[in-house]
Amino acid sequence: MTDSPRGPLRTHARILTASLSGTAVEFYDFYIYATAAALVFGPLFFPAESAQAQKLFAFMSFGLAFVARPVGAIAFGHFGDRIGRKSTLVASLMLMGGSTLLIAFLPTYAMVGGLAPLLLCVLRFGQGFGLGGEWGGASLLAVENAPPGWENRFGSAPPLGAPVGFLAANGLFLLLGACLSEADFAAWGWRIPFLASALLVGLGLWVRLRIAETPAFRAALAHEPPPPVPLGRVLRDHPLALLAGSAGAIAAFAIFYLSTAFALSYGTTTLGYPRERFLAVQLAANLFLALGIVVAGITADRISVRRVLIAGAVLTIVLGLVFGSGLSSGSLGAVFLTLAGALFVMGMVYGPLGAWLPTLFPVPVRYTGVSIAFSAGGIVGGGLAPIAAQVLSVQGGAGPVGLLLSAAGVMTLAGVLLARPFATRIRPSVSAATG
């Protein structure tokens, strides 16, 4: 392997692109749903009881995917550990992308009544089910191909898909807001981002069909047959790793969805900011998420991934103390600084996860362990946090919402301190890998 700092990136460019593309689709899909839920899904798909009730129902449908994620993690993890990373990632991307595309064709509540929210929830469940096998597999694809000393930087490739997908989704909504009236956007314009997802999914599939299986999986498979039920072995032999990994992922989810979906809803309704201006602020703040991921990946390879995650968790606790006041400051400049700081901190707790979680599990059950841990963290940080934030904001404004971030930081800090890495290297020897 070349010693040039650019050598590993050039050598594994296709692998890194395949890892990044899937999570870019993931965050594009999830963000366009989150944005649509914040802006139009309430009145379009749910009964007109009250505006707040409609918005709460819309966010509950958003949270449904986080319930589906662990189910998908178990299913795709099973096949990822038994038949391989590559084919499982292709299947997960097709399910996730297909569910997103079909949302573009859904009838509204005014058209078919109660069938509309039912269909929306079914497809949202499909999104989450497919996503359950996406992130873990993409991370393994990157880190199990990483040369020694590059594990954390390679592991940052899937997390970097988050700002890429966010930029694409946010930019498209911003463009639609500039070109369409409110009535046109509510009537049909919201469907365009869901239709456009087909382009990203097609690109992701094209790249993934051209890659090979990871060396770590091939080595483990050559040593012994895969476990018949990977989930059973994870629960029996690695329960502490599963618990610690789940807690370690909570802060990243909480920061992202409170800084995007909740902040957009709160900023454009309660605070009264124009939608396009607030989207532009979020678009600019998103660049700090990418910066945080890159800084975390480089730093983790130089010191340790554990130290970076501990620092990020502590910063999340501090962030929660100022998040509410910054969001409610009355100044878009202060809002930008709040969101930029929040997303940078997210990069510190999200960027290292791609390399940290695989260290907690041996190769034969790694896909299952990583996927379930990441998805379980998503239930608390991404599924419950936006719902709780909506309820708290109605009762006490944005101040109490910030405390959710502090609580998420405490849980992530506890998970990182509790974790005991299974091996010191992402690609251990075959004897260690099969433990």
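The largest cavity is lined by Asp 81, Phe 217, Ala 220, Leu 221, Glu 224, Pro 225, Pro 226, Pro 227 and Pro 364. This is a predicted model, where local features need pLDDT of at least 70, side-chain atom pairs count only at pLDDT 80 or more, and totals for chains, interfaces and linings use all residues. Residues are numbered from 1 along each chain as its sequence is written, and side-chain values use heavy atoms, with hydrogens and water left out.

A cavity here is a set of points on a 1 Å grid over the protein atoms alone where a 1.4 Å probe fits but cannot get out, and lining residues have an atom within 4 Å of a point. Volume is the space filled by probe spheres set on the points, which are joined across faces, edges and corners. Searching the whole structure turns up two cavities of 30 Å³ or more.

| Cavity | Volume | Top contributor to lining |
|---|---|---|
| Largest | about 60 Å³ | helix 12 (residues 215-223), three residues |

Helices are DSSP runs (H or I, at least four residues), numbered from the N terminus.

Around the second largest cavity sit Phe 27, Ala 252, Phe 253, Phe 256, Tyr 257, Met 346, Tyr 350 and Phe 374. Helix 14 (239-268) and helix 17 are the elements giving two or more residues to that lining.

Now for helix 17 itself.

Terms used: On a 1 Å grid over the protein atoms alone, a cavity is a set of points where a 1.4 Å probe fits but cannot get out, and a pocket is an open set with protein on both sides within 12 Å along at least five of seven lines; lining residues have an atom within 4 Å of a point.
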